[in-house]
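These notes are for a first reading of the model. Please keep the structure open while going through the points.

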Amino acid sequence: MSDSPVLYQVDGAVATITLNRPDVLNALNTPLMLALREALTQAQTDEAVRAVIVTGAGRGFSAGADLASSSPGGGSDPGSTLRDRYHPVITLMRSMPKPIISAVNGVAAGAGMSIAMAGDIILAGRSASFLQAFSKIGLVPDAGSTWFLPRYVGDVRARAMAILADRISAEDAKSFGLVWQVCEDDALQTQAREMAAKLASMPTRAYAMIKEALNDSHQRDLPTQLELEAELQMKAAKTEDFREGVAAFLQKRPPQFKGR
Ligand code: LHQ
């Protein structure tokens, strides 16, 4: 396998981005974070790509910041490392106008868990686990963990996960609402590809607008959110895919969406 820290592969309309430092459970260092940002940018700009999978090589998804590098994650201090290397990745994933599946194949710890949570749909292998590892080494959850976690699992569980730093199994993560679906380990990549291929054949412009509507909905009041929905619906109703969806329904045939 390539020794590039991130693999980027396109199959049909699906891009798969694989974190690729399996010897250290895909711990995040500067070359990996730069390559991840580049791969996400490529997936965003490539018009043929309509759905994205983020996963890990080997037995882990990501063990978080590389603790063996002189400054974990590279850079001169954690603040600038986070701002320069991590924040662009997390914001790219959230703002990407295409659905992202996080296929969590093993442990997702620290900032690795933050990256998993930045995806739109989290699938987990049965042996995957989730670990807010930060407090174990005297750090604070970062790269979006304090934003995603209470929204996904509620404040009580978010606080316990961040403070206790217990390793949470895939099944428990599903019961917490963090994971959409748990798959058998050897079926995870196939199920992620099948789901991504299905998403890529759907009205992907609507997905982009769904992400826009949901991204910050907790921050907006109801009247503002209603207005945003109306604005987005006006845009969605002008797409070719909406016309095709309605025509196919009325003609009782399967729709052929083009992402336009
Ligand atoms: C690792 C790592 C690792 C290097 C396993 N680094 N080598 C902070 C600072 C600045 C900016 C960005 O953001 C952050 C936030 C963070 O992400 S802080 C949190 C950093 N991550 C951790 O604290 C987790 C550390 N790792 C672990 O606790 C365990 O490795 C877990 C629970 C993830 C997995 O345990 P095991 O399955 O028992 O695997 P292992 O511990 O045997 O690890 C396998 C190898 O990977 C091992 O190397 P070796 O040469 O002995 O085989 C580890 O040293 C290496 N590795 N995590 N983060």
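1. Domain bounds, as used here, come from an automatic or database domain assignment. For this protein chain, the assignment gives domain 1 as residues 6-200 and domain 2 as residues 204-251. Please bear in mind that this is a predicted model.

2. How far apart do the C-alpha centres of domain 1 and domain 2 lie? The separation is 27 Å. In the contact between the domains, 14 residues come from domain 1 and eight residues from domain 2.

3. About 860 Å² is buried between domain 1 and domain 2. Carbon and sulfur atoms account for 46% of that area.

4. One salt bridge is found across the interface of domain 1 and domain 2. Separately, the side chains of Asp120 and Lys211 form a salt bridge, with 2.8 Å from N to O. A salt bridge is counted here when a side-chain nitrogen of Lys or Arg is within 4 Å of a carboxyl oxygen of Asp or Glu, so the Asp120 and Lys211 pair qualifies.

5. The interface of domain 1 and domain 2 also has seven residue pairs in polar contact, with both residues at pLDDT 80 or more.

6. Which helices each supply at least two residues of the side of domain 1 that touches domain 2? They are α2 (78-95), α4 (145-153) and α7 (188-200). Of the elements on this side, α2 gives the most, with three residues.

7. By residue class, the side of domain 1 that touches domain 2 divides into eight nonpolar, one polar and five charged residues.

Definitions and conventions:
Residues numbered from 1 in each chain as written. Predicted model: local features only at pLDDT ≥ 70, side-chain atom pairs only at ≥ 80, totals over all residues. Heavy atoms only, no water. Contact = heavy atoms within 4.5 Å. Buried area = accessible area lost by both parts, 1.4 Å probe. Polar contact = N/O pair within 3.5 Å; in protein donor to acceptor, adjacent residues only side chain to side chain. Helix = DSSP H or I, 4+ residues; strand = E, 2+ residues; numbered from the N terminus. Nonpolar A, V, L, I, M, F, W, Y, C, P; charged D, E, K, R; others polar.
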